[in-house]
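This report looks at charged side-chain pairs and at nonpolar packing in a predicted model. Please keep the sequence and the coordinates at hand while reading.

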Amino acid sequence: MSQQQLRKPEEEEAIKYGDVFDVQGKLAEKPVAPKDAAMMQMAENALLGETKKGCAAAAMVSAAMKNEKAGFVGHEDVNVDSGVTVEETHPLANVIGQYSQAAPLTSGPYSSCEQSEEEGGGGPITIGEALEATALTAGNKPVEWSDAAAIQAAEVRATGRTSIMPGGVAAAAQSAATLNARASREEEKTKLCDVLSNATERLGSDKAATRRDAEGVAVAELRNDPTLTTHPAGVSASVTAAARLNDQISK
């Protein structure tokens, strides 16, 4: 969404990263965006096993929702160029790509949310969790054939099955894409959030996302898109982000 399309009420100000975390420089002045929050949620789930109330991901999700409601950011906006990175020295997932060296979150209001020795980490991010993250990053997007193809590829890699499971997430996506192609009004269309919000449960079995998984999902989405592109906040983007985070966790 372009800045010209956003409406910014004069009496309000966007919630910026500097308002939430102890960061400085360019990052501190950027408003918290929905996709950034979703990626942080994935990272926190991977390391803590859950999104904890009062911790970094919860704070970012709340800030992003307020910013979107006020018109400062769009639902699919991302304000951190290279995504969230995870460092083992800080289990909360130090923000953020190119800024992690300039402004690491080694302290701040959310540093107390680090995992305890008893809790341990939550392990790598699964394909199912990546699909559920898509419900946050691109949840309002109507399901198209490219989305259904990507979701099917993800299901195959997560479960090891070569056929679509009846009642599974891929079946739901294909049904949604078929109905959406016939829908005459936008409000009648099934959105990604309707299909992916409980993806982990629908998969039945799951596995950690890898680079090979991400490549397969991306190819499926690309080949089934009429413009031969992938959605910047869609299914393949989430699986790719999950695979990248898993690589960082394993180092």
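## Salt bridges

With a salt bridge taken as a side-chain nitrogen of Lys or Arg within 4 Å of a carboxyl oxygen of Asp or Glu, the count comes to 9. The model is predicted, so that local features need pLDDT of at least 70 and side-chain atom pairs count only at pLDDT 80 or more, while totals for chains, interfaces and linings use all residues. Residues are numbered from 1 along each chain as its sequence is written, and side-chain values use heavy atoms, with hydrogens and water left out.

Arg185 takes part in a salt bridge with Glu187, at 3.6 Å from N to O, and in another with Glu188, at 3.1 Å. By relative accessible area (buried under 20%, exposed over 50%, partly exposed in between, with a 1.4 Å probe and protein chains only), Glu187 is exposed at 57%, whereas Arg185 at 46% and Glu188 at 40% are partly exposed.

## A pair between two helices

Arg211 and Asp247 form a salt bridge whose closest N and O atoms are 2.5 Å apart. This pair links distant parts of the chain, 36 residues apart, with Arg211 in helix 9 (residues 211-223) and Asp247 in helix 10 (residues 235-250); helices here are DSSP runs of H or I with at least four residues, numbered from the N terminus. Arg211 is exposed, with a relative accessible area of 56%, while Asp247 is partly exposed at 22%. Elsewhere, salt bridges with shared partners join Lys141, Glu144 and Asp147 into one network.

## Nonpolar cores

A nonpolar core is a set of buried Ala, Val, Leu, Ile, Met, Phe, Trp, Tyr and Cys residues joined through side-chain atoms within 4.5 Å. The largest one has 39 residues, and those with the most contacts inside it are Met42, Leu131, Val169, Val195 and Leu196. Among the elements that give two or more residues to this core are helix 2 (34-48), helix 4 (127-137), helix 9 and helix 10, and its largest share, 7 residues, comes from helix 5. Because domain 1 (17-70) and domain 2 (127-250) both give residues to it, this core lies between them; the domain bounds come from an automatic or database domain assignment.

Leaving aside residues up to four places away in sequence, Val195 touches Val143, Val169, Ala172, Ala173, Ala176, Thr190 and Arg202, where contact means heavy atoms within 4.5 Å. A second, separate core of 15 residues includes Val23, Leu27, Val32 and Ala63.
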